[in-house]
Amino acid sequence: MTARRLCPSILSADFARLAESVRPVEPYCEMLHLDVMDGHFVPNLTIGPPVVRSLSAVSRLPLDCHLMIEDPDRYLRAFAEAGARYLCVHQEACTHLHRTIQAIRAEGMLPGVAVNPATPIPSLDPVLPDLHFVLVMSVNPGFGGQSFIPYSLEKVRDLRRRISERGLETAVQVDGGVCEETLPDLIRAGADWFVAGSAVFGAPDPAQAARRLQEMIHA
């Protein structure tokens, strides 16, 4: 099993003061999660490579870019050049998923695949050995601050079992409704990386919230 990591999502941060918002939480997390939405694959529009490039210039943390977009292959090089270290695409958005995964690696990034709540984990079996991580969406993608979908825990357990049975080192990432209340169950289910947006940047003191989550993750 890979080392556990807290991955705060900047979706809930103050975009007018992004560098200032991120800096206080950096000591308490291992990577930053950037949600990229195109208004087509999901009903929201967020950021692109320019924001990734700007954040890469001011943060010491590796950047984890989650592409919730149609035809992600068109933009892989742009995100690599902007400074993305981890690049995650949606199983549902890729016509030729294996080819996309190989293209991500060819651009020098570590590949991940996300699955929506209604997408079964076994659909990833053919590509699981090629992945650095799998992102289990525990809310329907598109907006921050949503409530955790309980059956996501079973999907995490199923994924952890499949990874273990094949002797793989693939990390299990979870995004959606991650907070102090859901974190213990996710840890027991076998998750490794925890994307927390509003639980960190929506808190009165984001640094204190991040520190508390990190303590729970590494307890």
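Buried means under 20% relative accessible area, exposed means over 50%, and partly exposed lies in between, with a 1.4 Å probe and protein chains only. Helices (H or I, at least four residues) and strands (E, at least two) are DSSP runs, numbered from the N terminus.

Some ground rules. This is a predicted model, where local features need pLDDT of at least 70, side-chain atom pairs count only at pLDDT 80 or more, and totals for chains, interfaces and linings use all residues. Residues are numbered from 1 along each chain as its sequence is written, and side-chain values use heavy atoms, with hydrogens and water left out.

Let's start with strand β3. It covers residues 63-68, and six of its six residues are buried. L63, C65 and L67 point one way from the strand. D64, H66 and M68 point the other way. All are buried.

Now, the neighbours. Two strands pair if DSSP finds at least two bridges between them. Strand β2, residues 32-37, pairs with β3 in the parallel sense, over six bridges. Strand β4, residues 84-90, is also parallel to β3, with five bridges. Look at D64. In β3, D64 stands opposite H33. In β4, the bridge partner of D64 is Y86.

How do the strands connect? Through helices. β2, helix α2 (residues 49-58) and β3 make a right-handed β-α-β unit. β3, helix α3 (residues 76-82) and β4 make a right-handed unit too. A crossover is right-handed if, with the strands pointing away from the viewer, the path from the first strand over the helix to the second runs clockwise.

Next, T119. Where is T119? In the loop between β5 (110-115) and β6 (133-137). Is T119 buried or exposed? T119 counts as buried, because its relative accessibility is 11%. Leaving out residues up to four places away in sequence, T119 touches Q91, E92 and K155. Contact here means heavy atoms within 4.5 Å.
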